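Please keep the picture open while I talk.

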Amino acid sequence: SLRIDAIEIMRPPEANTVFANIEVTRTVVDNKLEGVPLGPIIGENLARNPGFDEWDETSRQFAEWIKENCEVSLMKNAETGESSVLHAQALEANAHVYQTQELESNVVYELLFDAAATGEGNVGISSEDGSPLFDGSQPLENDGQFYRYQMKFSLPQSTSQTTMLRVPDIT
């Protein structure tokens with residue numbers, strides 16, 4: 001089932017194609033996919049507290065999110081006025097906001113991430129110690145507008161079946 005908060009359909013006057021933007025805030029997916037040739041794919045959201053609904057005012061921390069060298073605060077989404085937004089302000093050049101995830105080898109994962117930035121930053125996947133795991137980290141647009149970032153990745157076969165990673169790792 002889906003909860004759709006907004007649908008926007010646009011067509012530039014000189015174009016023949018239509019662009020659709022659909023904002024989905026809650027998704028429940030059946031993880032039993034049949035006929036998928038890529039091997040095992042997990043069809044559930046692995047992020048914990050993905051909507052930033054759990055906020056501890058005393059510790060000034062979002063549940064399940066780790067911050068390093070930055071301050072985080074709770075803000076309401078300016079577009080919808082309803083959903084919560086994590087606002088991070090770097091205190092040092094090596095600031096991070098991330099979740100740790102234990103991920104399996106040989107599984108295809110997809111990271112979808114909406115962010116607005118007013119300074120330089122990146123979103124990517126890092127090892128547990130914070131070193132980049134892939135060359136595919138994406139720079140954040142720093143004009144204050146929300147953008148969707150998307151990455152597909154898998155972990156190579158290793159001696160252990162699972163690996164602890166920072167997903168996403170926002171720097």
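Let me begin with the pair R148 and D114, which in this predicted model form a salt bridge whose closest N and O atoms are 2.7 Å apart.

How many salt bridges does a search of the whole structure find? There are 5, and another of them brings together the side chains of E64 and R48, again at 2.7 Å from N to O. Because E64 sits in the loop between β4 and β5, and R48 in the loop between β2 and β3, this pair ties together parts that lie 16 residues apart in sequence. E64 is partly exposed at 42% relative accessibility, and R48 is partly exposed as well, at 27%.

Are R166 and D169 buried or exposed? Both are buried, and their side chains meet in a salt bridge at 4.0 Å, N to O. Through salt bridges that share partners, E68, R166 and D169 are joined into one network.

Finally, a word on confidence: the mean pLDDT of the protein is 76, with 71% of the residues reaching 70 or more. Over residues 26-42, however, the pLDDT falls below 50, although this stretch has 21 contacts in the model beyond near neighbours in sequence.

Technical notes
Residues are numbered from 1 along each chain as its sequence is written. This is a predicted model: local features need pLDDT of at least 70, side-chain atom pairs count only at pLDDT 80 or more; totals for chains, interfaces and linings use all residues. Side-chain values use heavy atoms; hydrogens and water are left out. pLDDT is the predictor's confidence in each residue, from 0 to 100. Contact means heavy atoms within 4.5 Å. Helices (H or I, at least four residues) and strands (E, at least two) are DSSP runs, numbered from the N terminus. Buried means under 20% relative accessible area, exposed over 50%, partly exposed in between (1.4 Å probe, protein chains only).
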